[in-house]
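Hi there,

Here is the structure I promised to pass on.

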Amino acid sequence: MNGHAVLGGLLVVLGAAGLGGWAGWDWRDARAQRERVAAVEEAQREEAALRGRMEESHARTIDELARLRIDRADLDAAGRALRVRLAAAVAAASAASAAGSAPAPGGGDPIGVLAGVLERADATAADLADFADRSRAAGLACERSFDALRRR
């Protein structure tokens with residue numbers, strides 16, 4: 001046998017053995033690739049579900065804040081009506097005291113002072129209530145977001 005024929009036969013045998021090996025690796029690589037793709041798709045589904053829960057939480061928070069603003073506007077309107085009535089009562093008391101009674105010791109109008117104190121207390125209470133409402137809404141939004149993350 002000639003050296004070239006032996007070398008050629010050897011290459012054919014080694015090539016066939018090598019192709020069989022590579023075919024096995026290709027099959028394993030393809031399987032691993034499919035598993036990676038499936039894992040990525042699952043992660044994307046989980047992320048989409050989480051994003052949906054977060055968007056739902058955000059929408060609920062916006063709705064809650066809108067309801068709080070409406071409630072605050074209603075309470076402000078009621079407060080204005082009470083202040084108008086209080087101003088009328090103060091004016092009536094001032095007119096009555098100017099008509100015939102002696103001035104109060106200390107020279108101030110006690111009803112006017114009381115009205116001023118009550119008005120400032122009402123304004124402070126309204127600010128604190130607004131802060132508490134917004135804090136509660138933010139806390140509930142945070143809880144919903146945390147719960148959405150835990151549901152994974």
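Is Glu 119 buried, partly exposed or exposed? Glu 119 has a relative accessible area of 43%, so Glu 119 is partly exposed (buried is under 20% relative accessible area, exposed is over 50% and partly exposed is in between, with a 1.4 Å probe and protein chains only). Glu 119 sits in helix H2, residues 110-150, and the C-alpha atoms of Glu 119 and Gly 79 are 9.2 Å apart, although 40 residues separate the two along the chain.

A word on the source: this is a predicted model, in which local features need pLDDT of at least 70 and side-chain atom pairs count only at pLDDT 80 or more, while totals for chains, interfaces and linings use all residues. Residues are numbered from 1 along each chain as its sequence is written, and side-chain values use heavy atoms, leaving out hydrogens and water.

**The chain overall**

The chain has 2 helices and 0 strands (DSSP runs numbered from the N terminus, H or I of at least four residues for helices and E of at least two for strands). Of its 152 residues, 11% are buried. Contacts (heavy atoms within 4.5 Å) between residues at least 6 apart in sequence join residues at least 24 apart in 82% of cases.

**A buried serine**

Ser 57 belongs to helix H1, residues 3-100. With a relative accessibility of 5%, Ser 57 counts as buried. Apart from neighbours within four places in sequence, Ser 57 is in contact with Ala 141, Arg 144 and Ser 145.

**Salt bridges**

The count comes to 9 salt bridges (a side-chain nitrogen of Lys or Arg within 4 Å of a carboxyl oxygen of Asp or Glu). One of them pairs Glu 35 with Arg 31, with the closest N and O atoms 3.4 Å apart. These two are 4 residues apart in helix H1, so about one helical turn separates Glu 35 and Arg 31. Glu 35 is partly exposed at 47% relative accessibility, and Arg 31 is partly exposed at 42%.

Arg 45 and Glu 42 form another salt bridge, at 2.8 Å between the closest N and O atoms.

Which parts does the pair Arg 72 and Asp 127 tie together? The side chains of Arg 72 and Asp 127 meet in a salt bridge at 4.0 Å, N to O. Arg 72 lies in helix H1 and Asp 127 in helix H2, so the pair ties together parts 55 residues apart in sequence. A network of salt bridges links Arg 72, Asp 76, Asp 127, Asp 130 and Arg 134.

Best wishes
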